[in-house]
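Here is a short briefing to read alongside the model. Have the viewer open, and follow the topics in order.

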Amino acid sequence: MPAPKPAGRRSLLVTSAALLSLSVTAPTALAAPTPSTSPSATPPAQMSTLGGARLGMPGTQVNLAPGVPVLPKDVTARSWIVSDAESGEVLAAHNAHWRLPPASTLKMLFADTVLPRFPKGTRHKVAASDLKGVGVGSSVVGIKEGSSYSVHDLWLGVFLRSGNDAVHVLAAMNGGIEQTVQDMQDHAEELQALDTTVVSPDGYDAPGQVSSAYDLTLIARSGLQKKDFRDYCSTVSAKFGSTEIRNTNRLLSGDSDVPVYRGIAGVKNGNTTHAGATFTGVAERNGKVLLVTVMNPEKREHNEVYKETAKLFDWGFQAAGKVNPVGELVPPKSAAAGGAQPGASASAGQAVGAGGSGAKPAASASAGSGSSGAGIALAVAGGLLVLLGGAAFLVNRRWPLPDLMRRRTRS
């Protein structure tokens with residue numbers, strides 16, 4: 001049974017900082033079969049029903065009606081989902097709870113779990129043991145044994161270059177791989193990302209390591225409550241040591257066959273042998289914020305995962321406000337258990353993440369010194385506060401987004 005909808009529906013034109021409360025009861029998920037390293041070519045007949053019964057059905061789920069645009073016919077991904085990042089409404093989905101290898105999109109869970117634990121100015125000298133176990137053929141940012149790096153630089157390596165070496169160093173700082181995997185699994189359960197089984201913190205292919213389009217969307221939505229997470233995932237390029245690194249998210253940085261997507265603000269891409277290409281993105285147009293996750297397109301053209309994501313974003317922005325949802329994104333367990341607190345408040349425009357630190361909006365900001373691209377413009381117009389954890393789960397009326405179109409550069 002789907003959780004009840006928010007008590008009040010937000011108006012995008014309202015500029016007040018009124019809080020949108022969510023009073024939610026957690027639905028029960030069906031037990032999913034034990035995953036294998038290489039998933040079958042077809043989704044299981046029975047999947048989780050978390051977020052709504054239709055999300056547990058195989059195939060495409062959408063409520064077409066007069067005035068609702070038809071879904072793009074050339075989307076070949078095994079699984080995908082289009083949702084409203086603020087209300088949590090799932091506008092359309094295809095095998096949303098199919099448990100598939102996530103590749104580096106799992107780094108969103110790693111970041112959401114570990115990022116609040118270390119101040120960005122903290123420095124760490126890399127030992128040989130820190131880099132032990134980095135998979136053969138991994139994407140790396142070029143961490144060197146014996147060198148010292150700031151936490152800020154390590155996170156740039158994670159988000160921009162998807163560096164497994166940076167993940168392993170941060171995991172070592174967090175108590176090691178085993179401890180970090182357990183922390184990530186615990187956090188996934190708190191988020192109700194129950195399709196997710198964590199084996200490696202970097203998303204490198206491992207037997208039994210799976211997630212779903214639904215779970216990756218939940219994880220991204222949680223991560224985006226945190227200012228540092230938003231800043232890192234929307235950074236186009238930055239200095240890393242003596243070199244410049246560029247974000248491998250092609251909807252953010254562009255490529256020869258993929259233009260920068262208007263309104264894009266992150267979040268994370270991935271690609272491995274078993275996972276194929278995976279991607280979760282967030283974008284805003286005309287005050288509407290959407291999340292799209294795409295997993296493993298069957299069509300193997302260059303940058304196909306970004307092309308299919310862009311098509312689903314286009315559909316979502318056209319369908320928003322016209323299509324009845326087929327399900328919803330559930331809040332974390334703690335929020336569902338405690339219920340929303342309508343009276344919860346803080347100063348307008350301030351975001352309070354799970355780590356407990358506030359972040360005031362500004363005309364422009366960046367992920368820290370060394371970031372380039374004219375900074376990350378934060379267009380926050382008196383939106384709702386972010387309050388995640390405890391007894392409430394409240395989301396922004398407006399999400400801080402990079403002003404990409406004015407500073408777009410092409411290689």
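In this predicted model, the largest nonpolar core has 63 residues. Helix H2 (residues 151–161) supplies the largest share of this core, with seven residues.

**Nonpolar cores**
- Trp155, Phe159, Tyr214 and Phe229 have the most contacts inside the largest core.
- Leaving aside residues up to four places away in sequence, tryptophan 155 touches Phe110, Ala111, Val114, Leu115, Leu170 and Tyr232.
- Another core, of 31 residues, lies apart from the largest one, and Val68, Leu251, Phe279 and Val323 are among its members.

**Helices H1 and H5**
- Helix H1 (residues 107–114) and helix H5 (residues 213–223) have axes that come within 9 Å and cross at roughly 35°.
- Their crossing is left-handed.
- On the H1 side, Met108, Leu109 and Asp112 take part, meeting Leu216, Ile219, Ala220, Ser222 and Gly223 of H5.
- By type, the residues of this contact are five nonpolar, two polar and one charged.

**Asparagine 269**
- Strand E8 (residues 264–272) holds asparagine 269.
- Is asparagine 269 buried or exposed? Its relative accessible area is 9%, under the 20% limit, so asparagine 269 counts as buried.
- Its side chain makes a polar contact of 3.2 Å with the side chain of threonine 248, and one of 3.3 Å with the side chain of lysine 268.
- Beyond four places in sequence, asparagine 269 touches residues including Ser104, Ser162, Phe279 and Tyr306.
- Phe279 is also listed in the core of 31 residues.

Technical notes:
Residues are numbered from 1 along each chain as its sequence is written. This is a predicted model: local features need pLDDT of at least 70, side-chain atom pairs count only at pLDDT 80 or more; totals for chains, interfaces and linings use all residues. Side-chain values use heavy atoms; hydrogens and water are left out. Axes are lines fitted to C-alpha atoms, for helices over the stretch in contact, and angles run from 0 to 180 degrees between N-to-C directions. Helices (H or I, at least four residues) and strands (E, at least two) are DSSP runs, numbered from the N terminus. A crossing is left-handed if the near helix is turned anticlockwise from the far one by less than a right angle, and right-handed if clockwise. Contact means heavy atoms within 4.5 Å. Ala, Val, Leu, Ile, Met, Phe, Trp, Tyr, Cys and Pro count as nonpolar, Asp, Glu, Lys and Arg as charged, and the others, Gly among them, as polar. Buried means under 20% relative accessible area, exposed over 50%, partly exposed in between (1.4 Å probe, protein chains only). A polar contact is a pair of N or O atoms within 3.5 Å; within protein, one must be able to donate a hydrogen and the other to accept it, and residues adjacent in sequence count only if both atoms are side-chain atoms. A nonpolar core is a set of buried Ala, Val, Leu, Ile, Met, Phe, Trp, Tyr and Cys residues joined through side-chain atoms within 4.5 Å.
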